[in-house]
Every structure is written in C-alpha cells, then in structure tokens.
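Work through the exercises below with the sequence and the model open. Each task is followed by a solution in steps.

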Amino acid sequence: MKDKKRYWLLVFALVIPVAFAGAHPAQRFSTQNGDESVTRKKIAEDFADAILVAKDKYAGQIDFDKMTKASILGMLRQLDPHSGYFDRKEWESFQNDQRSRYFGIGSTIAQRNEKVYIMSPFEGTPAHRGGIRYGDQIIGINGESTEGWNSRQVSDKLIGPEGTPVVVKVSRPGVSQPIELKFVREAVPLPSVSNFYLGSNGVGYINFDRGFNTTSFDEIRAALREMQGQGMTSLVFDLRGNRGGLVDQAQKIANLFLYRGQKILTMRGRPGVFPPREGYANNSEPAEYPLVVLVNRGSASASEILAGALQDHDRAIIVGENSFGKGLVQNIFPLSDGSGLTLTTGHYYTPSGRLIQRDYSGRSFYDYYLKRGDKEAVVTREEKRTDSGRTVYGGGGIDPDVAVKIPAHENELVRVWIEPVFQFARQLAGGQVAGLSEFKIDRQNDHRHRLTANEYQISDKVIAAFKNYLREHKELKADDTRVDKDAVWLKRRIRYEIVTAAYSEETARQVLNEGDAQLQRAIAELPKAKEQAEEFTRARVASRNRD
C-alpha cells in the first residue's frame, strides 16, 4: 500500500500540474493578482491531500485511475466543452486515429439484439484473408466467452499489439458447429474517406466522414484524380458526421478548390502563447467544376473550417442542416505517464471573419453536445458577407445555403426495423431462406465494386419471405402487418445488408444513397452550383485583370 501511495503522489505531482500548465508547460502558476506565488508543487500537494483524505476516510474502495481521470476532466470542463483528457489507453487510440490506423484484425462489428456480429472485413486485412464473413456472430475470443459483452468490450479484445495472435470463435448461419479462426494482428488502415465513386451524368461523390487525419488530404486528392480520370464533371462532397480533426488537413483540402491568395481561415489565441496566424490558398489552378458540400449537426471543427471557407468565397453550395458550431482550436499535449490532453489554445474564424462557435455558457456539458437549449438561447448572431455579398452568420455553426432535414419518419424506421432486417439478411446471405438461394454469399468480392442497378434487387418474393421470418421469430418483436406499408424502405435496407455481405459496407453505401433525401437534393442543386462555379472563376479573372 505504501508503494501505491507513493505512486499516486507522483502521478498528482507530475500529471495534474502539467494539465494546469496548458499551452505553456514551463510556465509557473499565477494568482489572480498576478503574483507568481502558486507553484506546481503547491497545486500537487493540494490534490494529493484531497485524494489521500478520500483514501483514508471514504466508506468504500477508491479507484485511483477513475479519480485521476475525473479530477482532470472536471478541471478542464470548467474551461470549455472541448478541452479533454485521455488516459493511457485512450491516448494511444486517439493517436492511432490521427494516423488513420489501428492494430487488430480489420473488421467492422455491430451489436444487434445484445449480441455482437461481424459486418464487413476491410480489404486485405487478416479478417479478410482469414475468411471471416458478414453475419458471423462473435461468441468467443482467446477462449473466453463473449456472452453478455457489448461491441466496445469485443473491440477492446480484438485490438492489440501488432504481431500478437488472437483466436476468434464465431457462429455462422448454415454451419452447425462454431468456427475457430486464428489471426495475427496487423496495422489496419482506417481511411478518412469511407467511400467515393462516380455516379451518373459525371457526378462524383466523396463520403468523408471519419475525421481529418494525417492521410486525409492525400486520400481526397487521390479520389478526385481517379474520378476525374473516369470523366467526373461535378462533385458532391459529403461532410456529414465528420467531427473534425487536424486543421492543416482542412487547409490543404480547401486549397484544392480556392485560388492563390484567398483566405482559408484565421486563428487567434492568447497573446504570447498562441500568436495570430492566417491560412491562405496557394493554388494557381484549383478545381473549377461545380461543387456541393453536405453538412449536418455532426459536422464540426475542421469540417466547418472547410465548409465555411468554400461558402464565404462562394465556391460551393452548402446543403443539409446547421452544423455543430465548434470554433475552438485544440493543441495536443502528451503527459508524463503516457496519457494526454487536448487543450483549447485559440479560436478560428472563417474568411469573412465569422466565429462559428456556439455559446456553451450556462448549460451542462451534455446539453451542449446534444444541442439542447440552442433554440431557447437568446444569441445575437454576427452578420458577415461572402465575396459576392451574401449574408452569412457567426455564433452558431455553418448555416446551409439550402436547408434539408432528414425526414422525421426515417429515424423511426431505423429504430423499428434495423435488428429484424439484419437477422433476416444474415440468414438470407447464409443461404438459409428457402427459395432464395441466389442471395447466398460465400465470400466478399471487390471492395471497390461499382454497383449496377440490377444487382441484388429485392423483390416482393423476398419481402414475403421476410414476413414469414418475422412470424416464425416472435422474439424479434416485430409487427409483420406493417411490412407492406414500409416495403420501399425495407427493400432498400435488405439490399444494403446483402450488398455489404457480397462486397463491403463501402459499396453498400451506394444503396443507401439512392434514398438519401439530403444527397438527392445536393445532386439537384448541381446546376446552380455550375452557375456559381462559373461566376467564381469570372470574379477571379476580373480580379487578376484589376491587379
């Protein structure tokens, strides 16, 4: 116990002061009147005294790891909702995300009906080479039963050091006995771009939803080059759900579409710690094709930097919903025990001068993140102008030029049908539904396959089989009498599951896009985007002539 006591005194002496030090670890702490009399040692002693009193007097057992984390998080939450603390394991995961990779077997998983299933192995990974399939239920890992585990617990067991073995036991439809699959963990790429393809009429589509990481710019540039080679004449750039990431990647991507000298953003922070800096495009020949950008309430930070720059310069039409509203810049600070901080060090502003940060005063951390209370808050939003003189607003995210909400019944359909559809599709792909053997999937094929209109279409015969399945499986608690009413949606969702089994989740996204109201509106806006792109180019030529 004495050794553990010394350890936690050391943790508080080293970790807590560095956390307080923030953007300048060497700086001493100051009292409100400016006297530099409160040192790291004093703060460490205060925390150590508090934790030791709790250890000696508290009625129950003390979990020092949780108390350390809660102490630091509580401190940071007093600053703003975006400064954060990661323990050692979380910090390693965070860094892997930034590098667009992790170490494991390489597969997406999902929790359905309190069990965990394989959805889609990534191409070229141990899971893909080792024969794991869509719909495999994970029932054991390294000899340990997964009964009662959630998807996070399963994921934690599948991820591990590179080169280490892992044995996964699965239950597969049509196979009477469990299957044991042995893998060796590898570095698994986790691209920022989850999907891109060239649709009809030369319309390119990029689904960029996994964050701005070290490989993001290279991925976007490669996707654009490939689609341009295939004849792309316009682009829908989907930033929905992209929570942000590395600011430099947002600047590089914006540079693909803006002319040299056009401002991308301004960042300002504490004087003497975070000097003001501005980012400008340096591209003499940016892409000039029509561009529509999709955003929603999950688009944040670097996504808003990119969307804001393109909107302020009238380079793209923004379609969708109001974005999250994060105008704070975080820097990364590793701590001495292997954990780390992300600390707000500045604010960023769009080219027109907008600070799009939402107000977070007077509300809880969770209310802020869930955007509860935004409508009730009385906020005067600052007006700014785009290059062409259109009015845009700060203080509340990026407002779309064309507002399109997800149909209200969409979430209800997902809630009602997601699990019954998966369980049925799992049997269908496993060849276990009588009379529908053409849907049996033995293995995944090309992950980059471009889906054709006639592949895996779901007929009324399949819907009838789905009804029968629901009647036979009362445990799913699904109402078979509403199947006909929801048939259009169900056909699309069952097809999505089967295409996932046959190719990948990336390919299957093409199925969902067919019924995506926001995406279809974005495509409908491309003629206007063409006019805007032409005006953008004309304005630039006129500006050069004046220069």
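**Exercise 1.** Decide whether Phe257 and Tyr289 are buried or exposed in this predicted model, and classify the geometry of their ring pair.

Solution. 
- Phe257 has a relative accessible area of 0%, and Tyr289 has one of 11%. Buried means under 20%, so Phe257 is buried and Tyr289 is buried as well.
- The ring centres of Phe257 and Tyr289 are 6.4 Å apart, and the planes stand at 80°. Pairing requires centres within 6.5 Å, and an angle over 60 degrees counts as edge-to-face. The pair is therefore edge-to-face.
- Phe257 belongs to the loop between α8 (247-255) and β13 (263-269), and Tyr289 to the loop between β14 (277-280) and β15 (291-295). The pair therefore ties together parts that are 32 residues apart in sequence.
- A search of the whole structure gives 22 aromatic pairs.

**Exercise 2.** Find which arginine lies over the face of Phe324, and name the aromatic cluster that includes Phe324.

Solution. 
- Arg243 lies over the face of Phe324, 4.8 Å from the ring centre.
- Phe324 forms one aromatic cluster with Tyr360, Phe365, Tyr366, Tyr368 and Tyr369.
- Elsewhere, Arg268 lies over the face of Tyr349, at 4.3 Å from the ring centre.

Technical notes. Residues are numbered from 1 along each chain as its sequence is written. This is a predicted model: local features need pLDDT of at least 70, side-chain atom pairs count only at pLDDT 80 or more; totals for chains, interfaces and linings use all residues. Side-chain values use heavy atoms; hydrogens and water are left out. Rings of Phe, Tyr and Trp (its six-membered ring) pair if their centres lie within 6.5 Å; planes under 30 degrees apart count as stacked, over 60 as edge-to-face and the rest as tilted. Helices (H or I, at least four residues) and strands (E, at least two) are DSSP runs, numbered from the N terminus. Buried means under 20% relative accessible area, exposed over 50%, partly exposed in between (1.4 Å probe, protein chains only). A charge sits over a ring if NZ of Lys or CZ of Arg is within 6 Å of the ring centre and within 35 degrees of the ring normal.
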